[in-house]
Amino acid sequence: MRNKRFNFSFSLLPFCSGIVAILLVSYIGLIAVVMSYAALTVEFSQSVRNDESKVATLESEYLASVARTANTNYATAGYAKPLTKLFVRVQSATALR
Amino acid sequence: MRAQFRSRIRLILSLIVCAAFFILLRLYFIQVVQGHEYVQKADRQFASGGNGVFDRGSIYVVRKDGALISAAALSTGFLVAINPQTLTDPEAAYAAIAVVASSTLLSHDAFLAVTTKKNQVYIEVAHRLTDEDGRALAARAISGVHVLHENWRYYPGGSLAAQSIGIVSYGSGDVLAGQTGLEAKYDGTLSRSGDLLYKNFFAELFSNVGNLLVNAKDAREGNIETTIEPEIQTRLENDLAKVNERYSSKESGGIIMDPSTGAIVALASYPFYNENDLQNVDPTLFGNPLVEHVYEFGSIMKPITMTSALDAGVITPETTYTDTGCITVDTKSICNWDSKARGVIPMQQIIVQSLNVGASWIATRLGQDTFREYFTRLFGQKTGIDLPNEGHALLGNLSKPQQVGYDTAAFGQGIAITPIQMIRALGAIANGGMMVQPHLVSAVRLDSGIVRKLDWSKKTPVFSATAARETTQMMTALVDQKLEGGKAMISTMSVAAKTGTAQLIDGHGGYFSDHFFHSFVGFFPSYNPRFIILLYTNDPQHVEYASETLDTTFLGLVHFLIDYYQIPPDRGFATTTPA
């Protein structure tokens with residue numbers, strides 16, 4: 001009967017140390033990636049909100065100008081009603097002309 | 001061979017150690033060397049109050065060319081909070097904050113009082129700083145003063161469609177939520193869950209991969225697209241304000257709707273309020289009288305009575321009756337507006353001359369059961385409009401055996417209806433007898449990118465198309481022959497309309513003889529209408545009839561809509577007509 005024996009061609013300790021080091025670096029790397037991703041997402045989201053807020057300000061100016069136009073009395077501004085209005089017949093919707 | 005392998009292992013290990021050293025070095029610089037800068041940056045990203053920075057979907061009004069304009073959006077800026085435990089110089093801090101936030105900052109005494117609360121670490125002292133002011137204050141790096149990102153609800157139109165858009169407030173809880181209008185009705189779509197703005201991808205990967213791939217929120221959260229057209233809404237509000245001020249009315253309101261779809265393009269009730277400044281607003285204004293309140297509308301009910309009778313077949317347009325000017329029903333006297341008798345006249349004159357005796361005669365011809373059946377079908381249920389707190393019509397008189405209740409209901413007294421129910425019922429006449437579902441929101445634009453059109457296609461047949469058309473002819477004759485003495489007639493556009501003047505109840509079981517509710521309804525082009533307009537003004541002073549208060553406003557709106565939408569002529573086809 002012959003004893004069976006496992007022979008390693010290299011030392012187990014450096015191998016395990018390497019694995020641990022790789023896992024450690026990977027862990028730190030993952031944390032860095034997640035934190036960077038989170039920070040960028042928050043910043044991007046806030047940046048979108050800031051842009052939307054600027055658009056809302058412009059929309060506010062537009063709506064104010066619409067209200068100003070609706071409130072304008074054209075007669076006092078020197079404008080007169082048109083003497084005539086021209087109408088045309090509504091065109092047929094068919095494509096066969 | 002073994003030596004070669006070892007050297008490779010050492011090489012790999014040294015590379016790993018170098019990488020680890022590099023990361024550690026980088027961490028040192030981030031946390032120690034540039035730590036202060038990042039702390040400030042993190043402070044600005046800090047979610048105040050622990051609930052995250054306020055976020056909410058937008059409400060859009062849609063211009064006629066399809067452009068979306070925000071009616072409710074988010075505004076961004078900064079808030080200022082203090083930490084009494086680390087605040088070293090309250091006076092200097094107050095002076096610095098007051099420079100950029102004088103309008104929203106606590107008073108000097110109140111500020112100094114909160115700085116003494118040393119058991120607290122976070123007290124907000126000023127809000128809604130602009131981006132520039134917030135960054136300027138943050139740059140001063142005052143100890144114990146934190147400048148944090150803040151979002152708040154902003155309404156670009158101010159008072160535009162305020163009652164329809166609604167408001168957001170804390171209500172009974174500590175979460176901002178829609179309280180009135182579309183903000184409340186579509187709160188589920190507009191509100192954003194309290195989740196952080198980002199996801200930890202790896203944590204989600206291991207714990208909740210399903211949610212990462214298919215997010216249920218994406219199918220719910222979004223922005224809403226209304227049917228309100230901003231220029232028409234502005235015009236309607238402007239006109240209502242003028243009517244209300246001119247006649248010192250208690251309130252005035254109006255709705256403009258597409259009668260074939262139920263899409264409301266404008267809906268307004270005066271007095272208005274500014275949604276961006278709610279501090280001094282009377283809370284009763286937050287409601288929407290157009291869907292919540294009921295009114296006795298008066299003679300604009302006559303077209304409905306007429307159409308019901310035509311549909312039931314108890315009369316035809318050629319039917320005549322003898323108008324005596326006044327009649328007595330159940331010991332109550334019912335008279336025409338001028339108490340004058342007209343003799344034998346056809347049905348059309350009941351609408352054209354607005355004859356109460358004629359409307360009562362029709363109610364009698366219909367019979368109580370049939371009359372109740374029609375009016376219950378028209379007003380017995382809520383319209384289902386997408387606004388909260390819709391009111392019920394008061395139809396109690398139609399459950400009693402006294403004929404006078406039916407006779408007065410025939411000309412719009414003794415029963416009370418919400419304006420939105422009224423325009424829906426009158427819209428059935430404009431829409432060939434089909435009653436549509438009034439609505440304000442046409443689509444939900446989900447955050448996932450999908451635009452979900454809402455289905456408002458449900459239609460309820462209430463009248464035959466023939467009966468609706470015959471009543472429309474009568475209402476068109478009113479505009480062509482009677483309104484403003486016939487001068488209101490538009491030679492190239494048929495317009496159908498009816499005025500209504502109702503006496504207001506005096507609170508003692510009777511009616512005032514000198515206080516009125518004026519209403520006006522009309523649609524055009526008469527036989528293929530694009531719009532139906534309902535206007536009212538409550539208790540106008542020193543004026544008796546709706547034809548005096550609202551006809552100019554109605555006709556102005558008709559001409560505005562014809563021009564704005566370039567609605568082609570439906571009659572006359574003159575190439576040149578006087579303006």
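In what order do the 5 strands of the open sheet in chain B run? Select them and read across: β9-β8-β20-β19-β18 of chain B, with antiparallel pairing. Keep in mind as you go that this is a predicted model.

Start with the edges. Pick residues 264-270 of chain B for β9 and 496-505 of chain B for β18; these are the edge strands, and each pairs on one side only. Now look at how the strands lie against each other: neighbours in this sheet are turned by 10° on average, direction ignored.

Next, select residues 251-257 of chain B, which is strand β8. This strand runs antiparallel to β9(B), and 6 bridges join the two.

Now for a pair of helices. Select 90-100 of chain B for α3 and 131-139 of chain B for α5: they pack at an angle of about 160°, with their axes 9 Å apart. Angles over 145 degrees count as roughly antiparallel, so that is what α3(B) is to α5(B). The crossing of α3(B) past α5(B) is right-handed.

Which residues make the contact? Show side chains for A96(B), I97(B) and V100(B) on α3(B), then D133(B), A136(B) and L137(B) on α5(B). Colour this contact by type and you get 5 nonpolar residues, no polar and 1 charged.

Conventions:
Residues are numbered from 1 along each chain as its sequence is written. Chains are lettered from A and ligands numbered from 1 in the order in which they are written. This is a predicted model: local features need pLDDT of at least 70, side-chain atom pairs count only at pLDDT 80 or more; totals for chains, interfaces and linings use all residues. Two strands pair if DSSP finds at least two bridges between them. Helices (H or I, at least four residues) and strands (E, at least two) are DSSP runs, numbered from the N terminus. Axes are lines fitted to C-alpha atoms, for helices over the stretch in contact, and angles run from 0 to 180 degrees between N-to-C directions. Angles under 35 degrees count as roughly parallel, over 145 as roughly antiparallel, 65 to 115 as roughly perpendicular and the rest as oblique. A crossing is left-handed if the near helix is turned anticlockwise from the far one by less than a right angle, and right-handed if clockwise. Two residues are in contact if their C-beta atoms, placed from the backbone, lie within 7 Å. Ala, Val, Leu, Ile, Met, Phe, Trp, Tyr, Cys and Pro count as nonpolar, Asp, Glu, Lys and Arg as charged, and the others, Gly among them, as polar.
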